[in-house]
Each structure stands twice: as structure tokens, then as C-alpha cells.
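Subject: Handover of a structure

Dear colleague,

Please find the structure below, together with its sequence.

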Amino acid sequence: MKFKLYSASTARIYTPSLSKCSKGNIFILRDSSKAVGSITKKVIWKFADGKDTTFVPSTLFTQVKHSYNGIGKYNVVLTVINQYGCLDSTITQLSVNPTPT
């Protein structure tokens with residue numbers, strides 16, 4: 001019996017800022033996953049506030065913008081799935097801080 005092993009994409013999140021003040025917070029997050037020997041077919045973002053998103057990437061790097069309604073720490077999970085159904089996930093913690101008065 002022969003088996004074929006497939007490589008999973010390696011999930012990576014890039015963001016220029018891990019912390020924002022609550023007023024007008026907008027986080028820019030980029031999927032900078034590496035897919036050696038495979039093609040990323042699905043990207044799932046979980047923002048820890050119930051506003052998750054799933055899409056098929058149209059470019060090598062995909063970017064999303066997200067804002068939060070409350071102060072706190074949020075664990076953002078990025079899951080990437082390749083054409084073979086192999087998946088990888090990574091977590092980044094974002095912080096929304098009180099706006100100084």
C-alpha cells in the first residue's frame with residue numbers, strides 16, 4: 001500500500017499594531033501564510049467577538065480590517081486550508097485599551 005503525504009499551508013498573521021485605543025480602533029490584519037507545495041483554498045478569520053469571516057483568497061496575501069466595540073484582549077485565530085483539505089491555524093492577541101481623556 002502506498003501513501004502520499006501532502007504539506008499543509010503554514011498559517012501566519014501580520015499586523016502593524018497589536019494594540020489600539022478604543023475610540024476608532026481599526027486593526028489591519030494580513031494573512032501572510034506560506035503554502036509550500038500547495039495552494040491555500042480557504043481562509044477563516046475568527047475575531048473572538050462573533051464576527052467571523054470565511055473566504056477564498058484571490059491573491060497570495062489577503063487583508064482584512066476589523067474593529068471591536070469593547071475594551072479588552074481578543075484572540076484572533078487564522079485558519080488556512082489547502083487544496084488537499086490540510087489545515088493550519090495560528091493565534092494573535094489584540095488589545096483594545098481605554099482612550100485617554
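The notes below describe what was found in this structure.

Basis and confidence

This is a predicted model, in which local features need pLDDT of at least 70 and side-chain atom pairs count only at pLDDT 80 or more, while totals for chains, interfaces and linings use all residues. Residues are numbered from 1 along each chain as its sequence is written, and side-chain values use heavy atoms, with hydrogens and water left out.

The pLDDT is the predictor's confidence in each residue, from 0 to 100. For the chain, its mean is 87, and 90% of the residues reach 70 or more. Confidence is highest in E2, at 96, and lowest in strand E5 (residues 53–55), at a mean of 84. Where pLDDT is low, the predicted coordinates should not be read in detail.

Strands and their pairing

Strands are DSSP runs (E, at least two residues), numbered from the N terminus. Two of them are said to pair if DSSP finds at least two bridges between them. Strands of a sheet pair through backbone hydrogen bonds, either parallel or antiparallel.

An open sheet is formed by 3 strands in the order E1-E3-E6, with antiparallel pairing. Its edge strands, each pairing on one side only, are strand E1 (13–14) and strand E6 (62–66). Strand E3 (residues 27–31) is joined to E6 by 5 bridges, and Arg30 stands opposite Gln63 in E6.

Further pairings involve E2, E4, E7 and E8. E7 and E8 run antiparallel and are joined by 10 bridges; Val77 stands opposite Ile91 in E8, and Lys73 stands opposite Ser95. These two strands form a hairpin with 4 residues between them, and Gly85 in the turn has a positive phi of about 90°. E4 pairs with E7 in the antiparallel sense over 6 bridges. Strand E2 (residues 19–21), by contrast, pairs with E8 in the parallel sense, over 3 bridges; the partner of Ser19 there is Ser95.

The nonpolar core

A nonpolar core is a set of buried Ala, Val, Leu, Ile, Met, Phe, Trp, Tyr and Cys residues joined through side-chain atoms within 4.5 Å. Buried means under 20% relative accessible area, exposed over 50%, and partly exposed in between (1.4 Å probe, protein chains only).

The largest core has 15 residues, of which Leu29, Trp45, Phe47, Tyr68, Val76 and Leu78 touch the most other members. E3, strand E4 (40–46), strand E7 (72–82) and strand E8 (87–97) each give two or more residues to this core. E7 gives the most, with 4 residues.

Contact means heavy atoms within 4.5 Å. Leaving aside neighbours within four places in sequence, the contacts of Leu29 include Trp45, Phe47 and Val76, as well as Ile13, Thr15 and Leu94.

Two residues in detail

Thr15 is found in the loop between E1 and E2. This residue counts as buried because its relative accessibility is 15%. A polar contact is a pair of N or O atoms within 3.5 Å; within protein, one must be able to donate a hydrogen and the other to accept it, and residues adjacent in sequence count only if both atoms are side-chain atoms. The side chain of Thr15 reaches the backbone oxygen of Ser17 at 3.2 Å, and a polar atom of that side chain lies 2.8 Å from the backbone oxygen of Ile28. Beyond its neighbours within four places in sequence, Thr15 is in contact with Ile28, Leu29 and Leu94.

Lys46 has its place in strand E4, and its bridge partner in E7 is Val77. With a relative accessible area of 43%, Lys46 is partly exposed. Beyond neighbours within four places in sequence, Lys46 is in contact with Asp52, Asn75, Val76 and Val77.

Cysteines

A disulfide is a covalent bond between the sulfur atoms of two cysteines. Here a disulfide is counted as a pair of cysteine sulfur atoms within 2.5 Å, and a search of the whole structure finds 0 of them. Cys21 is partly exposed, with a relative accessible area of 36%, and Cys86 also counts as partly exposed, at 21%.

Yours sincerely
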